[in-house]
Amino acid sequence: MEFGIFTVGDVTEDPTTGVTPTEHERIKATVAIARKAEEVGLDVFATGEHHNPPFHPSSPTTLLAHIGALTERIKLSTSTTLITTNDPVKIAEDYSYLQHLVDGRMDLMLGRGNTAPVYPWFGYDGRKAVELTLEHYHLLRKLWDEEVVNWSGEFRSPLQGFTLAPRPLDGVAPFVWHGSIRTPEVAELAAFYGDGYFANNIFWPKEHYIRLINFYRQRYAHYGHGTPEQAIVGLGGQFYLARNSQDAVKEFRPYFDNAPVYGHGPSLEDFTEQTPLTVGSPQQFVEKTLAFADYFGDYQRQLFLVDHAGLPLKTVLDQLDLLGEVLPTLRAEFAARRPADVPDTPDHASRVAAKLAADAEVAEDTSTQEVHA
């Protein structure tokens, strides 16, 4: 079980002070948060991708490469790499390059994004979002998996005799998650390739995500990758913690009530009741997080949104300290209930080992055929 944090990179006013950080301050704070995540023992740091205000992370690989140079252990990922508006060739190049720089200590999550105006900025039609997702990902896989690519499609110019540079590290592409909050076609795509499926699990009731995750698990098994229980699932979540629940509610309420991300809709109490948000004590947080597996089955990655809604950097770092305190309990409790046949999240080392085993099997079959011939 991997635990980590993700950021959407919003630049939001702190409602308790009226101060809005500059983009520069927010970018530098994101780096500090990633380094703190490694310090407290988390496994993953992931960044979103946005190309419009009030968000800053328009270049995820730049950010992750910089963080990679400042850290030693934590896995670097994305909480959305836009498969729709990015050219698949550029995605393949950028993330192969990042893979080399951080010695395989990375993966990525692909998604459609949720900002319609972005599509024409990059020359695409937002009404074709699903079609773009499917075509772009099929091409991305070919670019990573095949030495020489010949390809033609609807949304970009054809490729003839194209070879990606650099090729993936050790000949093994980065592991891919597919993030979605509503689109069964994305779950189907993840299942077809045996990739991971990440349910945002932030703003919607659990019943919504149960349907999507169960659909992905069934299709994963249908395509022969394993049992439904062995499918690779990740979940989002968010929290605000204090030593006692009353202080947590008091401290977080102004951020919840004013932050655009919460939409000025349900009350804080209703939102925490109806969604995965925990605002309370560390014990309440542990209990609610452990319950996720009761709804969704055993899963491989849990990421939390911490640095949002205008929370200042010091508060975010304090929240990570509290998360670090309960992390051993979360690890132990999830491990105790996890069946032996539920796999870990694939990483670079395990994927290289699997490739070597597959290559050896092919070589042995070829040798056997030659002997019989």
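These are my notebook entries on a predicted model, working from the whole chain down to single residues.

**Ground rules**

I number residues from 1 along each chain as its sequence is written, and my side-chain values use heavy atoms, leaving out hydrogens and water. In this predicted model, local features need pLDDT of at least 70 and side-chain atom pairs count only at pLDDT 80 or more, while totals for chains, interfaces and linings use all residues.

**Entry 1: the whole chain**

I began with the secondary structure, which comes to 13 helices and 13 strands. Here helices (H or I, at least four residues) and strands (E, at least two) are DSSP runs, numbered from the N terminus. The radius of gyration is 21 Å, close to the 21 Å that the globule rule gives for 373 residues, so the protein is as compact as a globular protein of that length. For my own reference, that radius is taken over C-alpha atoms, and the globule rule is 2.2 Å times the number of residues to the power 0.38. The C-alpha trace spans about 75 × 50 × 40 Å along its principal axes.

I then looked up burial: 51% of the 373 residues count as buried. Buried means under 20% relative accessible area, exposed over 50%, and partly exposed in between (1.4 Å probe, protein chains only). Of the contacts with a separation of 6 or more, 73% come from residues 24 or more positions apart. A contact means heavy atoms within 4.5 Å.

**Entry 2: the sheet**

In what order do the nine strands of the open sheet come? I read S3-S2-S1-S13-S10-S9-S8-S5-S4, with parallel pairing. At the edges I find strand S3 (75–78) and strand S4 (81–82), each pairing on one side only. Two strands pair if DSSP finds at least two bridges between them.

Helix H1 (residues 23–39) packs on the sheet, where it touches strand S1 (2–7) and strand S2 (44–47), and its direction makes about 175° with that of S1. Helix H7 (residues 206–222) lies across S9 and strand S10 (233–235), at about 175° to S9. For these angles, axes are lines fitted to C-alpha atoms, for helices over the stretch in contact, and the angles run from 0 to 180 degrees between N-to-C directions.

S4 and S5 run parallel and are joined by two bridges; Leu82 has Gly111 in S5 as its bridge partner. To get from S4 to S5 the chain passes through helix H3 (residues 88–101), in a right-handed β-α-β crossover. Right-handed here means that, with the strands pointing away from the viewer, the path from the first strand over the helix to the second runs clockwise.

Next, three bridges join S5 to S8, again a parallel pair, and Met109 is partnered by Trp177 in S8. Strand S8 (residues 176–180) in turn has four bridges to strand S9 (residues 196–199), also running parallel. There Trp177 stands opposite Gly196.

**Entry 3: helix H10**

Which residues of helix H10 (residues 282–290) are buried? They are Pro282, Phe285, Val286 and Thr289. They cover an arc of only 100° around the axis, which puts them on the same side of H10. The arc is that of the directions from the helix axis to the C-beta atoms. These residues pack against strand S11 (239–241), strand S12 (278–280), helix H11 (292–296), strand S13 (301–305) and helix H12 (313–337).

**Entry 4: Gln319**

I found Gln319 in helix H12. Is it buried or exposed? Gln319 counts as buried, because its relative accessibility is 3%. Leaving aside residues up to four places away in sequence, Gln319 touches Phe239, Tyr240, Leu241 and Val306.

Most residues other than glycine have a negative phi, and most peptide bonds are trans. I noted two cis bonds here. The one from Pro53 to Pro54 has omega near 5°, with Pro54 in the loop between S2 and helix H2 (60–70). The one from Ala165 to Pro166 has omega near 0°, and Pro166 lies in the loop between strand S7 (159–162) and S8.

I also noted positive phi values. Asn201, in the loop between S9 and H7, has phi near 55°. Ala309, in the loop between S13 and H12, has phi of about 65°. Asn201 is buried at 1% relative accessibility, and Ala309 is buried at 1% as well.
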